[in-house]
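Could you have a look at this one with me? My notes are below, as numbered points.

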Amino acid sequence: MENLVEATTQKQFEDFLAKAGKCLTVVHFQAAWAPQCEQMNGVMAELAKEQAHTTFVKLEAEAVPEVSEKYEIASVPTFLFFKGGEKVDRLDGANAPELTKKVNRLAVAGSPGGVAEESTTDLNQRLKKLINAAPCMLFMKGSAQDPRCGFSRQLVGLLKTHSIQFSSFDILSDEEVRQGLKTYSNWPTYPQLYANGELVGGLDIVKELAESGELENTCPKAVTLEHRLKTLINQSPVMLFMKGNKEGARCGFSRQTLELLNDTGVDYDTFDILQDEEVRQGIKTYSNWPTYPQLYVKGELIGGLDILKELKESGDLVSVLKGES
């Protein structure tokens, strides 16, 4: 296939990006010794058949260190997504469903206008879902527990000082959301605070509201922990509470669970319990299940890793994930 190629030098890599122009280029930073890379090459080959306008590039991370270092490649497999020579997204790890989703969402440049409009609509629907994920939602650099810039740190401090309960989204973890939200809300900088799905503003606006005493009236009153847990559990038809996220598990049990789910091809979302101690402790009591990871389907607890292994062995895992049994 002409759109599935290999780059062995920095110049080849740059030439492939230049030739692709505004069309999507997917670069797989791989290693010959890693079996998961070979598996993902098979996924790329199938995607290359479906996406004729997209260029798929295989690149040995250790053989072209100048490129790997430039883009901070720390592990394999890692996928970078480019348009017009600029990086627009990233995926760390062997996650076939997520790779497929990102390729299908980003492969719009050079396609008929109707496809591009459809992709934009899909992104807007995703942004709307994220904005409404909690009554008070903060889009920031880093997390509430570990802000990655001074402005985000100050805004988190203001919300905590005024006892406002909020959820946050790390824009550094998703370039598509980072860029798309600027256009969606016509607000060019971060952090951004939303209340009941409506943009409140950035740090300066929140400071003014705090000084005038209006911040508590602007942001919704804190919801009960039970209501918050119920909302999180029902955030997606298949919801996994784990240590880490789809891109990187932070414990062996969570990693094995991701592998089981990824093998099914069923879409799912995750919540990193290490980022929220209240959720981490609360959901144990809420579901009467003392360990992690925990998997929920349509709001109902399925169980942990042992249960999922049993379901796979019995052949029932996919039907359970789809809510069929």
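This is a predicted model: local features need pLDDT of at least 70, side-chain atom pairs count only at pLDDT 80 or more; totals for chains, interfaces and linings use all residues.

1. Start with L199: leaving aside residues up to four places away in sequence, it touches S185, W187, Q192, L193 and Y194 (contact means heavy atoms within 4.5 Å). L199 sits in strand β9, residues 198-201 (strands are DSSP E runs of at least two residues, helices H or I runs of at least four, both numbered from the N terminus). Its relative accessibility is 29%, so L199 counts as partly exposed (buried is under 20% relative accessible area, exposed over 50%, partly exposed in between, with a 1.4 Å probe and protein chains only).

2. Residues are numbered from 1 along each chain as its sequence is written, and side-chain values use heavy atoms, with hydrogens and water left out.

3. On to helix α4, residues 96-106, which is mostly covered, with eight of its eleven residues buried. Those buried residues are A96, P97, E98, L99, K102, V103, R105 and L106. Where α4 starts, a side-chain oxygen of N95 comes to within 3.1 Å of the backbone nitrogen of E98.

4. What does α4 pack against? Helix α2 (residues 35-50) packs with α4 at an angle of about 30°, the axes being 11 Å apart (axes are lines fitted to C-alpha atoms, for helices over the stretch in contact, and angles run from 0 to 180 degrees between N-to-C directions). α2 and α4 are therefore roughly parallel (angles under 35 degrees). On the α2 side, M40, V43, M44 and L47 meet A96, L99, T100 and V103 of α4. By class, that contact has seven nonpolar, one polar and no charged residues (Ala, Val, Leu, Ile, Met, Phe, Trp, Tyr, Cys and Pro count as nonpolar, Asp, Glu, Lys and Arg as charged, the others, Gly among them, as polar).

5. Now for α11 (residues 252-264) and α13 (residues 305-314): their axes come within 10 Å and cross at roughly 30°. That makes α11 roughly parallel to α13. F253, Q256, T257, L260 and D263 of α11 meet L305, L308, K309 and K312 of α13. Sorted by class, this contact has four nonpolar, two polar and three charged residues.

Methods
Angles under 35 degrees count as roughly parallel, over 145 as roughly antiparallel, 65 to 115 as roughly perpendicular and the rest as oblique. A polar contact is a pair of N or O atoms within 3.5 Å; within protein, one must be able to donate a hydrogen and the other to accept it, and residues adjacent in sequence count only if both atoms are side-chain atoms.
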